[in-house]
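Try each task before reading its solution.

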Amino acid sequence: MKNDLKHLPADKDLYVWFGHSSFMLQLSGQIILVDPVLISFSPVSGIVGKIFPGTDIYKPQDMPDRIDYLVVSHDHYDHLDHKTVKALKERVGKVICPLGVGENFEHWGYDKDKIIELDWNEDYSSGITFHCLPTRHFSGRGLKRNSTQRASWLIETPARKVFYSGDGGYGERFKRIGSQYNGIDLAIMENGQYDSNWSQIHTMPHELGIEVRELQPKRFITVHHSKVALANHAWDEPRENEQKAAQESGVPLITCCIGQILEL
């Protein structure tokens, strides 16, 4: 059964996951859609990024009629789908993205005044504060790499702090972010699509618990899995990894199904 996302209770803070790294937050009555890939993971249909059957039931038309903020971590196809963001264009109030990524949105017809580009350690605040934070990954949609920035995000309201790791390998930033933004309520962590050859740019299974422990959030949830196979590990291995990370870190783990509406 598909949940109705157009009539959410406005007085509750909510989280809804759409598989891989696409999710929606409702914080202080504002709708924040993050890394929405609801149509295609590849610029060429059928070449890479085959979607698992049954995981793609939510489409752009199912999203709320008003999306206050569309947030992007970086411009890889599995985090920024041009078909999805073009379909949502008339509903989006502001785009929050790393430096250089806004050019894509302008090319796809977004008004330049709607686009907020941030570099690492820059903030944008309008009732909700978006802190653009470092990550160790790479960017690029074509043959040229790293012409745009990539980021993790700390989304802050007067009542709540939510951290999203984006993609990236383990580094000292987790301890620094945990200390700087003490009392993170929810950490949304990359967990999946890893390989030993990519250990510098993606979280490896044995590092997830370390990252969570160093962030010290009140609870955590994982993304970047369960919708598409972009690496060679078993499809359900990330679910085993998150259980181990919870045991190792001592931080409570939240698990959910695609489309499940979680009250924070």
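Predicted model: local features only at pLDDT ≥ 70, side-chain atom pairs only at ≥ 80, totals over all residues.

Residues are numbered from 1 along each chain as its sequence is written, and side-chain values use heavy atoms, with hydrogens and water left out.

**Exercise 1.** Find what the side chain of Glu190 reaches.

*Solution.* 
1. Glu190 is buried but has no salt bridge (buried: under 20% relative accessible area, 1.4 Å probe, protein chains only; salt bridge: a side-chain nitrogen of Lys or Arg within 4 Å of a carboxyl oxygen of Asp or Glu). Arg173, the nearest side chain of opposite charge, is 6.4 Å away.
2. Turn to the backbone. The side chain of Glu190 reaches the backbone nitrogen of Gly168 at 3.1 Å. A polar atom of that side chain also lies 3.2 Å from the backbone nitrogen of Thr203.

**Exercise 2.** Explain why strand β5 is largely enclosed, and trace its pairings.

*Solution.* 
1. Count burial: 5 of the 7 residues of β5 (residues 92-98) are buried, so the rest of the structure largely encloses this strand.
2. Take β4 (residues 67-71): 4 bridges join it to β5, and the two run parallel (strands pair if DSSP finds at least two bridges between them). Tyr69 stands opposite Lys94 in β5.
3. Take β6 (residues 115-118): 4 bridges join β5 to it, again parallel. Here Pro98 stands opposite Leu118.

Key:
Buried < 20%, exposed > 50% of the residue type's maximum accessible area, 1.4 Å probe, protein only. Lys, Arg positive; Asp, Glu negative; His and termini not counted. Polar contact = N/O pair within 3.5 Å; in protein donor to acceptor, adjacent residues only side chain to side chain.
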